[in-house]
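Here is a short note for a colleague opening this entry. Please look over the sequence and the model before reading the points.

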Amino acid sequence: MKILMQLSEMQNFTPNEKSIAAYILLNKESMLHFSIQELAKETFTSHSAINRLIHKLGLAGFKDFIIKLATEFQQHTQNTSSVDPNYPFGLDESSLQVAKEIAELIKETVDKTSTFMDNDVLSQTAKMLDQAKRIFIYALGDSQIRARSFQNKLIKINKYVVIATELSEWAHHTLNLTEEDCAIFLTYHGKSQIYLRVAQHFRQEKIPFITITAIHTSQLANLSPILIQVPNDEKKHAKIGTFSSQIAFEYVLNVIYSCVYKISYSKNKESAIHFLKNTYMSEMMNDE
């Protein structure tokens, strides 16, 4: 999770840590030029209090904190959107201009989503999926289309993947999952009470699962052992289409698939070549 996000949420922060976090958020730009001594003086705290907060953010020290902060500022500047994700084109634009606007939206959405990526989270996700006996995906509507594409890729590297919500059999699938399986929730707003009940069941039965969502503060997100966030740019009832959300989901799932593939790269590549050879020979034999 991004350090600015952690600072704003202040989860499990002590009163001293909340005071330091609040000061940093109010003085983000000037923080890049601060020393730990100056920050301690301005917040009426100590070096040790600042270091405890930094460690709680998952960082090694103050220098690491400043570098990460500067990186987040740069990413934010680079990913300032010039296209409205909800209304990316207007009534009077030409077809070619619409094409350019959609191309720009795709680029900006992917760039912005990539800034949410975390190496450790992606590695944990790939490992979980690679080791799972079966993978069950919970997705509805447009998100289910992305789930099917992801399912298709994983099947080609011999992964057993089920869209749990495809035929309204989610309850049956949920009760049959074991600790050897894993699940993925693909949900933009993460407000489904059904998903929440399923996640609570998974936590109780120690079944691993991942949530991919735009709302990192939802109950579902808080229950998830692994959370992957996408940009929260779409308004639920005020948009032309689900462009941004589905672009983000497609990108994240492609990244996850690639990370899973990479774990057994040589084996997967050989399997694909073997499959293509067999397919080619079969077509040749059936050619009349």
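The points below go from the whole chain to one residue and then to the cores.

1. **Basis.** This is a predicted model: local features need pLDDT of at least 70, side-chain atom pairs count only at pLDDT 80 or more, and totals for chains, interfaces and linings use all residues. Residues are numbered from 1 along each chain as its sequence is written, and side-chain values use heavy atoms, with hydrogens and water left out.

2. **Whole chain.** The chain has 14 helices and five strands. Helices (H or I, at least four residues) and strands (E, at least two) are DSSP runs, numbered from the N terminus. The C-alpha atoms fill a box of roughly 85 × 55 × 40 Å along the principal axes. Of the 288 residues, 42% are buried, meaning under 20% relative accessible area with a 1.4 Å probe and protein chains only; exposed is over 50%, and partly exposed lies in between.

3. **Contacts overall.** Take the contacts with a separation of 6 or more: residues 24 or more positions apart account for 68% of them. Contact means heavy atoms within 4.5 Å.

4. **Domains.** Domain 1 covers 3-78 and domain 2 covers 109-263. Such bounds come from an automatic or database domain assignment. The domain centres, taken over C-alpha atoms, are 31 Å apart.

5. **Record.** An unreviewed UniProt entry places the feature "domain: SIS" at residues 125-266. UniProt positions use the numbering here, feature names are shortened, and annotations may be inferred rather than shown by experiment. In the model, residues 125-266 are 49% helix and 15% strand. The end C-alpha atoms of that stretch are 20 Å apart.

6. Five strands make an open, parallel sheet in the order 2-1-3-4-5. Its edges are strand 2 (161-163) and strand 5 (226-229), each pairing on one side only. The twist averages 20° from one strand to the next. Two strands pair if DSSP finds at least two bridges between them. Strand 4 (residues 209-213) and strand 5 share four bridges, in the parallel sense.

7. **Helices across the sheet.** Helix 8 (residues 119-131) lies across strand 1 (135-138), strand 3 (182-186), strand 4 and strand 5, at about 120° to strand 5. Helix 11 (residues 193-205) lies across strand 1, strand 3 and strand 4, at about 155° to strand 3. Axes are lines fitted to C-alpha atoms, for helices over the stretch in contact, and angles run from 0 to 180 degrees between N-to-C directions.

8. **Ile 210.** Is Ile 210 buried or exposed? Ile 210 counts as buried because its relative accessibility is 1%. It lies in strand 4, opposite Ile 226 in strand 5. Beyond neighbours within four places in sequence, its contacts include Thr 125, Met 128, Leu 129, Ala 183 and Ile 228.

9. **Main core.** The largest nonpolar core has 35 residues. Such a core is a set of buried Ala, Val, Leu, Ile, Met, Phe, Trp, Tyr and Cys residues joined through side-chain atoms within 4.5 Å. Leu 129, Ile 135, Ile 137, Phe 150 and Ile 212 have the most contacts inside it. Elements giving it two or more residues include helix 8, helix 9 (142-155) and helix 13 (243-263). Helix 13 gives the largest share, 10 residues.

10. **Second core.** A separate core of 24 residues includes Ile 24, Ala 49, Leu 53 and Phe 73.
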